[in-house]
Amino acid sequence: MSPYYNSLLENNKKWVAEKLDQDPEFFAKLANGQKPPLLWIGCADSRVPANEIIGALPGEVFVHRNIANMVIHTDMNMLSVLDYAVSILDVQHVIVCGHYGCGGVHAAMDEKHYGLVDNWVHHIKDVYRFNKTELDGIKDHNARFRRFVEINVIEGVQDLAKTATIHSAWQNKKTPTLHGWVYDVANGLVKELITLKNE
Ligand code: CO
């Protein structure tokens with residue numbers, strides 16, 4: 001095997017040793033089950049690792065990632081993750097996190113073809129169409145791209161609020177609160193875009 005591949009297994013052993021050094025019960029506690037306070041719906045992009053950018057440990061974040069952090073009403077994968085997180089794990093917060101420089105969002109702005117992912121990007125093109133007046137009004141390409149990333153997150157949070165899972169949760173309890181974030185890969189900082197609460 002390649003040195004790179006072998007290093008992954010070596011890194012795993014080192015990581016286990018470090019964790020046990022800090023807390024000998026670290027894995028024993030996790031083996032008892034999970035009660036994460038947060039569901040993260042983010043992009044598959046390698047530069048946006050959910051746990052790392054918010055300083056969360058194993059056991060703290062239930063994670064769903066797809067290209068361009070899309071919330072799509074027919075996506076059984078996303079809907080199942082959402083329902084399990086909200087109805088069974090009782091997460092207190094759901095964060096939809098997009099990021100500037102998102103390749104999936106950018107692909108929805110151009111006419112190039114990328115293969116199978118074109119089907120997925122089609123959903124993002126719908127988001128553009130729904131917000132065409134605002135987006136077409138931004139002449140600078142990069143500014144328009146950044147705003148499109150933000151709008152895609154805001155639409156995602158609003159779509160989450162319309163799911164049967166969130167509807168029934170909000171009939172029975174105050175939680176979860178829904179948040180829309182955008183992460184800047186160029187400086188590591190998060191900006192809040194929208195918060196929807198059951199009030
Ligand atoms: Co992305």
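Across the interface of domain 1 and domain 2, the rule finds zero salt bridges, a salt bridge being a side-chain nitrogen of Lys or Arg within 4 Å of a carboxyl oxygen of Asp or Glu. The model is predicted, so local features need pLDDT of at least 70 and side-chain atom pairs count only at pLDDT 80 or more, while totals for chains, interfaces and linings use all residues. Residues are numbered from 1 along each chain as its sequence is written, and side-chain values use heavy atoms, with hydrogens and water left out. Let's take a tour, topic by topic.

- Five residues of domain 1 are in contact with five residues of domain 2, where contact means heavy atoms within 4.5 Å.
- Between them, the domains bury about 320 Å², 74% of it on carbon and sulfur atoms; buried area is the accessible area (1.4 Å probe) that two parts lose on being put together, summed over both.
- On the domain 1 side, Phe 26, Leu 30 and Gly 33 lose the most area to domain 2, together 77% of what that side buries.
- Helices α1 (3-22) and α2 (26-30) each supply at least two residues of the side of domain 1 that touches domain 2.
- The residues of that side divide into three nonpolar, one polar and one charged; here Ala, Val, Leu, Ile, Met, Phe, Trp, Tyr, Cys and Pro count as nonpolar, Asp, Glu, Lys and Arg as charged, and the others, Gly among them, as polar.

**The cobalt site**

- Cys 43 (SG), His 99 (NE2) and Cys 102 (SG) coordinate the cobalt ion at 2.1 to 2.3 Å.
- Donors are N, O and S atoms within 2.8 Å of the metal (3.2 Å for Na, K and Ca), and water is not among the atoms, so sites may look incomplete.
- Along the chain, the donors follow the spacing C-x55-H-x2-C.
- Cys 43 lies in strand β1 (residues 38-43) and His 99 in strand β3 (residues 93-99), so this pair ties together parts that are 56 residues apart in sequence.

**Overall build**

- The protein chain has nine helices and five strands; helices (H or I, at least four residues) and strands (E, at least two) are DSSP runs, numbered from the N terminus.
- Starting at the N terminus, the elements run α-α-β-α-β-α-β-α-α-α-α-α-β-β.
- Taken along the principal axes, the C-alpha atoms fill a box of roughly 55 × 50 × 30 Å.

**Charged pairs**

- Side chains of opposite charge can pair when their charged atoms come close.
- The structure holds 10 salt bridges.
- One of them links Asp 126 with Arg 129, whose closest N and O atoms are 2.8 Å apart.
- Both residues, Asp 126 and Arg 129, lie in helix α6 (residues 117-130), three residues apart, about one turn of the helix.

**Backbone details in two loops**

- Thr 175 and Pro 176 are joined by a cis peptide bond, with omega about 0°.
- Pro 176 has its place in the loop between α9 (164-172) and β4 (177-183).
- Ala 68 has a phi near 70°, a positive value in a residue other than glycine.
- You can find Ala 68 in the loop between β2 (61-66) and α4 (76-88).
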